[in-house]
Amino acid sequence: MGKLSGVLEQFVLANRLAVIDTSRLNVTEGGGHAIFDIIDADGDNEISRDEFARLTRDVWGDHSPGTMDLFNRLDTDGDGTISRHEFIRAVREHFLSNDPDAPGSIFFGHI
């Protein structure tokens with residue numbers, strides 16, 4: 001297990017370095033904005049419940065009612081939509097947070 005944990009540590013470190021490296025495309029900013037734009041089908045700069053449900057249903061094939069719990073966790077201000085700011089914060093959480101239960105870690109997958 002020691003070898004695997006070393007590889008995992010290297011993977012996490014590489015992801016964190018990619019996020020803060022300003023000499024090339026920043027993964028969180030560029031990738032996060034591109035993913036947001038795809039989910040935001042109507043281009044209103046917010047991800048609605050319907051847009052999120054379409055993503056989880058049509059792309060992930062997830063029809064479970066629990067997916068809207070994730071929407072609620074990503075909607076940190078509770079206004080019923082996921083703003084670009086909230087979404088990018090979740091992307092940063094995925095790459096930088098040590099909390100496996102952070103919304104970004106859950107949405108983008110546990111490392």
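I began with Arg 57, which is partly exposed at a relative accessible area of 37% (buried is under 20%, exposed over 50%, partly exposed in between, with a 1.4 Å probe and protein chains only). I note that this is a predicted model, in which local features need pLDDT of at least 70 and side-chain atom pairs count only at pLDDT 80 or more, while totals for chains, interfaces and linings use all residues. Residues are numbered from 1 along each chain as its sequence is written, and side-chain values use heavy atoms, without hydrogens and water.

I then looked up the partner of Arg 57: its side chain meets that of Asp 58 in a salt bridge, 3.0 Å from N to O (a side-chain nitrogen of Lys or Arg within 4 Å of a carboxyl oxygen of Asp or Glu). Asp 58 is exposed, with a relative accessible area of 52%.

I counted 2 salt bridges by this rule. Arg 84 and Asp 37 form one of them, at 2.6 Å from N to O. This pair links distant parts of the chain, 47 residues apart, with Arg 84 in helix H5 (residues 84-96) and Asp 37 in helix H2 (residues 27-39); helices are DSSP runs (H or I, at least four residues) numbered from the N terminus. I recorded Asp 37 as partly exposed, at 42% relative accessible area.

Last, I examined helix packing. The axes of H3 (residues 49-59) and H4 (residues 67-74) come within 10 Å and cross at roughly 130 degrees; axes are lines fitted to C-alpha atoms over the stretch in contact, with angles from 0 to 180 degrees between N-to-C directions.

Methods: Helix = DSSP H or I, 4+ residues; strand = E, 2+ residues; numbered from the N terminus.
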